[in-house]
Amino acid sequence: MAITLTGMRVLVAVAEVGTVAGAAERLGRGAPAISMALKQLEDELGGPLFEGDRKSLLSDLGRFAYETARAGLQRYDLAVGNIKAYAAGTMGRLNV
């Protein structure tokens, strides 16, 4: 299995909102899907992302994964936006 963009987005949403239900609402998914994505990410990383069951306090691994995922997703989203803008002709290169 691999770390997915969905898994990273789920981690970031749960960490920022503080609950699985809130992250589910933010991402437009069901709470069971959010819980499953977190479990898959924890399995892939080999450790818990949160302290306890309430998902309100990140573990050391969770803090590192959150910070890294958040930065990576920001870069990814910017790249996708730039590619779409270029494709739409609203962004490009000017040769003089």
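Tutor: Let us begin with charged side chains: E16, R26 and R70 are linked in a network of salt bridges. A salt bridge here is a side-chain nitrogen of Lys or Arg within 4 Å of a carboxyl oxygen of Asp or Glu. The model is predicted, so local features need pLDDT of at least 70 and side-chain atom pairs count only at pLDDT 80 or more, whereas totals for chains, interfaces and linings use all residues. Residues are numbered from 1 along each chain as its sequence is written, and side-chain values use heavy atoms, with hydrogens and water left out.

Student: What are the closest N and O distances from E16 to R26 and from E16 to R70?

Tutor: For E16 and R26 the closest N and O atoms are 2.8 Å apart. E16 lies in helix 1 and R26 in helix 2 (residues 20–27), so this pair ties together parts ten residues apart in sequence; helices are DSSP runs of H or I with at least four residues, numbered from the N terminus. For E16 and R70 the corresponding separation is 3.6 Å. Because R70 lies in helix 4, that pair joins parts 54 residues apart in sequence.

Student: How many salt bridges does a search of the whole structure find?

Tutor: The search finds five. One of them is formed by the side chains of R9 and D77, at 2.5 Å from N to O. R9 lies in helix 1 and D77 in helix 4, so the pair ties together parts that are 68 residues apart in sequence.

Student: Is V14 buried or exposed?

Tutor: Burial is read from relative accessible area: buried means under 20%, exposed over 50%, and partly exposed in between (1.4 Å probe, protein chains only). V14 is buried, at 0%, and lies in helix 1 (residues 5–17). Not counting residues up to four places away in sequence, V14 touches T19, V20, A23, I34, L38, F50 and K55, where contact means heavy atoms within 4.5 Å.

Student: Which residues of helix 4 are buried, and what do they pack against?

Tutor: An α-helix has 3.6 residues a turn, so residues three or four places apart point the same way. In helix 4 the buried residues are G62, A65, Y66, A69, L73 and A85. They pack against helix 1 and helix 3 (31–45).

Student: What phi does G89 take?

Tutor: Just after helix 4, G89 takes a positive phi of about 80 degrees.

How values were computed:
Helices (H or I, at least four residues) and strands (E, at least two) are DSSP runs, numbered from the N terminus.
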